[in-house]
Amino acid sequence: MNLGMISAEGPSGTIFFGGYGSARAAVNQGTLQALNGGTLNTRNLENKGTILVNDKSTITLEEAWNNDGTLTLSGGTANLGGSFTQAGLGTFKRTGGTVN
């Protein structure tokens, strides 16, 4: 569980945040961010906080995930993989970037 801030910054900044198996969610109630070329990989994410992705950065959501918070893509790439519902996409603010 994240209650603070986890930040993947710069081209060599890669962070994995996730739970294993369908019964183990990784819960974010703080901020997850990929900035300035950073990469954030998540698995079984339950987002109740904030996710920020800017230019040249990447977030990858895998397995089952849900966004009850806010995901902001202002550049870079959001890979929406795994399984999710349209309602589970939650608040998704996109001002730039690519969605796969």
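Student: In strand β4 (residues 31-35), how many residues are buried?

Tutor: This is a predicted model, in which local features need pLDDT of at least 70, side-chain atom pairs count only at pLDDT 80 or more, and totals for chains, interfaces and linings use all residues. Residues are numbered from 1 along each chain as its sequence is written, and side-chain values use heavy atoms, with hydrogens and water left out. Strands are DSSP runs of E, at least two residues, numbered from the N terminus, and buried means under 20% relative accessible area (1.4 Å probe, protein chains only). β4 is mostly covered, and its buried residues number five of five.

Student: Which residues point the other way from Thr 31, Gln 33 and Leu 35 in β4?

Tutor: In a regular strand the side chains alternate between the two faces of the sheet. Thr 31, Gln 33 and Leu 35 share one direction, and the other is taken by Leu 32 and Ala 34.

Student: Which residue in β4 is the bridge partner of Glu 9?

Tutor: Two strands pair if DSSP finds at least two bridges between them. Strand β1 (residues 5-9) runs parallel to β4, joined by five bridges. The partner of Glu 9 is Leu 35.

Student: Is Ser 57 buried or exposed?

Tutor: Ser 57 sits in the loop between β7 (50-53) and β8 (58-62). Because its relative accessibility is 1%, Ser 57 counts as buried.

Student: Which residue's backbone nitrogen does the side chain of Ser 57 reach at 3.5 Å?

Tutor: A polar atom of the Ser 57 side chain lies 3.4 Å from the backbone nitrogen of Gly 38. The backbone nitrogen reached at 3.5 Å belongs to Leu 35.

Notes. Helices (H or I, at least four residues) and strands (E, at least two) are DSSP runs, numbered from the N terminus. Buried means under 20% relative accessible area, exposed over 50%, partly exposed in between (1.4 Å probe, protein chains only). A polar contact is a pair of N or O atoms within 3.5 Å; within protein, one must be able to donate a hydrogen and the other to accept it, and residues adjacent in sequence count only if both atoms are side-chain atoms.
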